[in-house]
Amino acid sequence: MKKSFLQKYGIVIVLVGICVVLSFMSPVFLTVSNLTNVVRQISMNGILAAGMTMVIITAGIDLSVGSQVALTGAIVAGLQPHGTWVAVFAGLLLGAFLGFTNGFIISKGGIPPFIVSVGMLTAARGLTLIYTGGRPIYDLNEDFRFIGAGYAGPIPVPVIILAVVLLICHFLLSSTVFGREVYAIGGNEEAARYSGIDIDKRRMTVYTIMGILCAITGIVLTSRLNSADPTAGMGFELDAIAAVIIGGTSLFGGEGTILGTLIGALIIGVLNNGFNLLNVSSYYQQIFKGVIIVGAVLMDSYARKRQVTGGVIARKEGKAASHLM
């Protein structure tokens with residue numbers, strides 16, 4: 001079904017509108033240093049949201065990303081005495097294992113993603129508390145700090161990592177057989193199965209990618225804070241899901257783009273930044289974020305009903321026309 005102008009560019013208009021309003025309300029908002037800070041702040045949410053986009057396109061969900069971030073960050077911090085890159089590699093490996101475990105249980109166990117990811121959320125948080133003893137890990141290597149707090153010229157390193165992640169995910173979804181199969185699974189799983197797609201394998205791959213991106217986020221976060229906090233990552237899953245659905249990805253699966261998710265992450269980042277500049281309480285920020293999520297889901301549900309209704313009407317008109325001929 002052909003999309004209207006507002007459906008295609010609505011979130012871009014919203015982003016520009018928010019920026020215009022904030023630029024009038026705060027003289028600091030449009031400064032280079034503040035805008036650089038906004039992009040750096042959304043880098044971790046953007047990395048997670050890229051993986052969450054793939055998961056939701058398959059009609060799945062992963063509520064354990066915050067706990068995975070905390071666990072992988074703690075492991076990377078704890079392994080610092082063995083060398084920075086050994087620790088980073090171990091963290092990525094652990095992230096892949098956690099994501100694969102989620103995908104394997106969902107695919108082979110036939111358990112809904114919501115339940116599996118809630119179980120992983122609890123288990124990963126518990127493992128983090130056991131590993132750290134409930135205390136932050138400090139004394140990280142100096143070169144490790146570069147990943148989260150360094151600059152390549154004027155550009156923060158986390159922003160470069162975000163750009164690389166977004167480009168790879170966009171390429172996977174838009175230009176590969178894997179991407180087409182991911183959309184097919186979310187659009188109609190039975191049809192995808194009859195067309196010969198190995199659904200279990202693709203789903204496990206998507207959740208493994210999600211786990212690796214959680215590990216990358218955990219590494220960036222730990223490096224930036226120069227410590228691994230066992231309570232880190234709480235609420236990250238909500239920000240990632242919000243960015244994805246604001247960016248136009250359907251919670252029902254089969255639709256969504258990485259570009260839309262990037263704009264969704266920018267909207268959340270700009271709003272958070274604007275609230276902080278205007279000294280709005282964090283309590284009100286959470287309420288507003290919840291309203292945005294529910295509103296986006298309602299709009300998605302409404303659009304889906306219109307598509308279904310439009311399809312039924314089109315089929316009826318086609319039948320009527322065939323009878324007249």
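Before I go on, two notes on where the values come from. This is a predicted model, where local features need pLDDT of at least 70 and side-chain atom pairs count only at pLDDT 80 or more, while totals for chains, interfaces and linings use all residues. Residues are numbered from 1 along each chain as its sequence is written, and side-chain values use heavy atoms, with hydrogens and water left out.

Now the overview. The chain has 13 helices and 2 strands; these are DSSP runs numbered from the N terminus, with helices being H or I of at least four residues and strands being E of at least two. Of its 325 residues, 47% are buried. The accessible surface is about 16,300 Å², and 69% of that belongs to carbon and sulfur atoms; areas like this come from the Shrake-Rupley method with a 1.4 Å probe, and for residues only the protein chains shown count as cover. Then there are contacts, meaning heavy atoms within 4.5 Å. If you take the contacts with a separation of 6 or more, 78% are between residues 24 or more positions apart.

Back to α8, then. Which of its residues are buried? They are Phe178, Gly179, Glu181, Val182, Ile185 and Gly186. Looking down the axis of α8, these fall within an arc of 165°, so they line one face of the helix. The arc here is taken from the directions between the helix axis and the C-beta atoms. And what covers that buried side? The cover includes α2, α7 (157-175), α9 and α10.

Thr176 is buried, at 15% relative accessible area. Its side chain reaches the backbone nitrogen of Gly179 at 3.1 Å. That is a polar contact: a pair of N or O atoms within 3.5 Å, where within protein one must be able to donate a hydrogen and the other to accept it, and residues adjacent in sequence count only if both atoms are side-chain atoms.

Next, charges. Side chains of opposite charge can pair when their charged atoms come close. A salt bridge here means a side-chain nitrogen of Lys or Arg within 4 Å of a carboxyl oxygen of Asp or Glu. How many salt bridges does the whole structure have? The search finds 5. In one of them, Glu181 meets Arg202, at 2.3 Å from N to O. Glu181 lies in α8 (residues 177-187) and Arg202 in α10 (residues 199-225), so this pair ties together parts 21 residues apart in sequence. Glu181 and Arg202 are both buried.

Arg203 pairs with Glu189, with their closest N and O atoms 3.0 Å apart. Arg203 is in α10 and Glu189 in α9 (residues 189-194), so here the parts tied together are 14 residues apart in sequence. Arg203 is buried at 10%, whereas Glu189 is partly exposed at 28%. Glu190 bridges to Arg193 at 3.9 Å, and since they are 3 residues apart in α9, about one helical turn separates them.

What about the inside? In soluble globular proteins, nonpolar side chains tend to be buried together. A nonpolar core is a set of buried Ala, Val, Leu, Ile, Met, Phe, Trp, Tyr and Cys residues joined through side-chain atoms within 4.5 Å. The largest one has 66 residues, and Met52 and Leu213 touch the most other members. Helix α2 (residues 32-57) gives the largest share of this core, 12 residues. A second, separate core of 6 residues includes Leu71, Ile75, Leu98 and Met120.

Last stop: Asn141, in the loop between α5 (113-132) and α6 (145-149). Asn141 is partly exposed, at 24%. Its side chain reaches the backbone oxygen of Gln80 at 3.0 Å and makes a polar contact with the side chain of Thr84 at 3.2 Å. That's my tour, thanks!

Terms used: Buried < 20%, exposed > 50% of the residue type's maximum accessible area, 1.4 Å probe, protein only.
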